[in-house]
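Please read the following note with the structure open beside it. The points are numbered so that each may be checked in turn.

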Amino acid sequence: MNPCPCGFFGEIGAQECTCTQKQLSLYEHKISGPIFDRFDLCVRVNRVPFEKLDVEGEQESSKIIRERVIKARNIQLKRYDYGVFKTNAGLSSSHLSTYCSLEPNTKKLLRAAIETSQLSARSYTRILRVARTIADLAASEQIKESHLAEAIQYHPKRMLR
């Protein structure tokens, strides 16, 4: 979806956003909080200039990314012992303390995000699931502060700001 009525909010090097703060606020409120709470993550993707598209560089290949995703899925299958749920997406809130434990500093970061953005309990659960997946992709047993910070940045409410 567009980030604003004109479609240019947050664009780098492109046409400037012409929306007023009031228009941005009204646009954001068209989608209710409960609907936003049902998205696990939201990623802003800016236009890529031709110069960057036309350059062969040291980009991670799809094959390497696929291998990392398969490893993360296997970590999850093993962790959950092929039980009722097989992936982090299936974690219920009652399983979070078992599989998504946080160190004290990391817990402070989560508390700050929840309180400053006034996120719901559903958002709390979704952020932890995403952080657990990010940790799995990094082959980390523990959810680190960097994993949690990345998960928080993917939350839809954070994307609109």
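1. A residue is called buried when its relative accessible area is under 20%, exposed when it is over 50%, and partly exposed in between (1.4 Å probe, protein chains only). The model is predicted: local features need pLDDT of at least 70, side-chain atom pairs count only at pLDDT 80 or more, and totals for chains, interfaces and linings use all residues. Residues are numbered from 1 along each chain as its sequence is written, and side-chain values use heavy atoms, with hydrogens and water left out.

2. The protein chain has 9 helices and 0 strands, where helices (H or I, at least four residues) and strands (E, at least two) are DSSP runs numbered from the N terminus. Its pattern along the sequence is accordingly written α-α-α-α-α-α-α-α-α.

3. The C-alpha trace of the protein chain spans about 50 × 40 × 30 Å along its principal axes. The chain has 161 residues, of which 30% count as buried. Contact means heavy atoms within 4.5 Å; among contacts between residues at least 6 apart in sequence, 60% join residues at least 24 apart.

4. Accessible areas come from the Shrake-Rupley method with a 1.4 Å probe; for residues, only the protein chains shown count as cover.

5. Is A138 buried or partly exposed? A138 counts as partly exposed because its relative accessibility is 48%. This residue lies in the loop between α7 (121-137) and α8 (145-153). A138 and V69 are 69 residues apart in sequence, while their C-alpha atoms are 9.8 Å apart in space.

6. T125 belongs to helix α7. With a relative accessibility of 10%, T125 counts as buried. Neighbours within four places in sequence aside, T125 is in contact with S93 and L96.

7. L41 is located in the loop between α2 (33-36) and α3 (50-53). Its relative accessible area is 44%, so L41 is partly exposed. Together with V43 and V45, L41 makes a nonpolar surface patch of about 290 Å². Patches are made of residues with over 30% relative accessible area and no salt bridge; like charges are joined within 9 Å, and nonpolar side chains (Val, Leu, Ile, Met, Phe, Trp, Tyr) within 5 Å. A salt bridge is a side-chain nitrogen of Lys or Arg within 4 Å of a carboxyl oxygen of Asp or Glu.
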